[in-house]
Amino acid sequence: MFSWISSMFRPAESPKIEDIEAAYKPEVVTRKASVPLGSRTFNFVFGVLSHKGPTLWWRDLKALFTRSTLTVTMVLPRTVAPRTTPPTPPPSTHQPPAFSDPEMIELSLTSTATSSPLRPPQAAAKAASKVPLPPSKIDTNPSRLSFATIPTPLPTPPVTPSPGPQTYMIPDFIAYSPYELQVNRHYQPVASISEHWLRESLVHPNEKKRAVFEACNIGLLTAMAYPHATNDRFRVLCDFDNALFAFDDLCDEGGLRADGNGTKKAADIIMSALHYPFTYETEFRCGKIFADLWGRAIQIGCSEGAQRRFLEYFDQYVQAVHAQVLNRAKNHIPDLENWIKLRRDTGGLKMCFAIGEFGLNLDLPDEVFECPLIRVMENCANDVVVLSNDIYSYNIEQAQGDSCNIISVAMQQSGLDVQASMDFAGEQVKGRIDLYTATKSKLPSWGAKVDADVQKYLSVLEDWMTAGFNWSLESQRYFGKDVQEVKRTLRVKVLPREAPRGQIIIPDLERAS
């Protein structure tokens, strides 16, 4: 809606890298505006903003973030009567100031964050290629900034409340991402062999549920996420992704979605199966398939460090899934910061990165993973995948009454509508892509051999980001048979709510000890 607006702000000091993650915590920012244009006056509610360091962003609009409360005044290039007396500046308080001036555009921004010395990394090449407008004139009052904008009409909201949006737009992450999509040359027939392996395990005894699961084409996701794995390692990776999604569906959509005790029992069985893959016996089918695939990974060759990280991250995953199930059972939605921390584990990306070391037969020293820059990049890649996944999966989750999603969290905590929440989540994803890219150039050296392996490991993170974007718009998992239309238009039709689902008994888990 707005073009990028250049500003005469003095650049902030170079950030300390250990402050990067803290400075990039997402914040939901509430907003409203009163927009008079000449003799016509109408109200307009701005979309969500995300704050990155000292700068607030709303789509193509940015403003200096100096206080927890910021008032921005914009001057549109329209013909309006000249003012004889400027409006009185609002008092400098932490509450949104009240304006009554009929000829100004008032934007009150309230954030729970404090000012940060960190400026955001450079935007993607597409955004940077836009021609900026002349620098803005800054008022003497630091809480008020004047901008010139392009003559783009602002939309008028309906006078009466709408019954709710029938469609919403999703961000175009594929166009924004700087990483190229690659597909493993062993994709077929290995993906089909793995699919048959899961079918024979009877994890999905229901024929209809199995058909829906297979339509998701998990093997394609694996081929996109691990394009450089050799044939035998790629087979294990396909089995792992199939097993992970099957278990995840039990916890999100199946018999464990609100069963804390059942989830805890299933988690304990799976962890025992992973720690003792050659000797542990269980009737729980998910436990059996994880023991099978992990035993083969060890036999093929997996470094001790990769094994240790995989088991540690898997334990964090099942504990987080258990916490999410308890939240769902109590209809509890954590605050955004705690929700992001939980989502980094429920998404399972940490163990996906660790088993990616197995996929490339890497043996990296522990000091690589202790580097704060590597941790920043891992968290960025993790967030990119899980938050974009929340955007893609929101429609089916809201239809099922599931609120374990960043869109639902933003709507619940800040009263945003679906589209504003989508915009907010999209900015979080794009900001983390930028931060990942900026951090990569600052990595230290561990020697030529280790440096080369580090770059291979980082390719796992980058391939996973790219895979998440592309597979979500190729598979039928989130958009069904409309997936190609959604990919073309980025417009999603809101699904109607489904009837509440009752508890489903899982016989093999009930029998398992």
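Is Thr-282 buried or exposed? The sections below take up this residue after an outline of the chain.

## Overall architecture

The structure is a predicted model. Its chain contains 19 helices and 10 strands. Of the 513 residues, 55% count as buried.

Thr-282 is located in the loop between α8 and α9, the latter spanning residues 285-300. With a relative accessible area of 14%, Thr-282 is buried, because the limit for that class is under 20%. The side chain of Thr-282 also reaches the backbone nitrogen of Phe-284, at a distance of 3.1 Å.

## Met-271 in helix α8

Helix α8 covers residues 260-275 and includes Met-271. The relative accessibility of Met-271 is 8%, so this residue counts as buried. Leaving aside residues up to four places away in sequence, Met-271 touches Leu-311, Phe-314, Asp-315 and Val-318.

A further distance concerns Met-271 and Phe-290, which are 19 residues apart along the chain. The C-alpha atoms of these two residues are separated by 9.0 Å.

## Cysteines

No disulfides are present in the structure. Two cysteines may be described individually. Cys-286 has a relative accessibility of 1% and therefore counts as buried. Cys-371 is likewise buried, as its relative accessible area is 9%.

The structure holds five cavities of 30 Å³ or more. The largest cavity has a volume of about 70 Å³.

Which residues line the largest cavity? The lining consists of Glu-195, Leu-198, Arg-199, Leu-202, His-204, Arg-210, Phe-213, Glu-214 and Asn-242. Two helices, α4 (187-200) and α5 (207-214), each contribute at least two residues to this lining.

Definitions and conventions
Residues are numbered from 1 along each chain as its sequence is written. This is a predicted model: local features need pLDDT of at least 70, side-chain atom pairs count only at pLDDT 80 or more; totals for chains, interfaces and linings use all residues. Side-chain values use heavy atoms; hydrogens and water are left out. Helices (H or I, at least four residues) and strands (E, at least two) are DSSP runs, numbered from the N terminus. Buried means under 20% relative accessible area, exposed over 50%, partly exposed in between (1.4 Å probe, protein chains only). A disulfide is a pair of cysteine sulfur atoms within 2.5 Å. Contact means heavy atoms within 4.5 Å. A polar contact is a pair of N or O atoms within 3.5 Å; within protein, one must be able to donate a hydrogen and the other to accept it, and residues adjacent in sequence count only if both atoms are side-chain atoms. On a 1 Å grid over the protein atoms alone, a cavity is a set of points where a 1.4 Å probe fits but cannot get out, and a pocket is an open set with protein on both sides within 12 Å along at least five of seven lines; lining residues have an atom within 4 Å of a point. Grid points are joined across faces, edges and corners, and a volume is the space filled by probe spheres set on the points.
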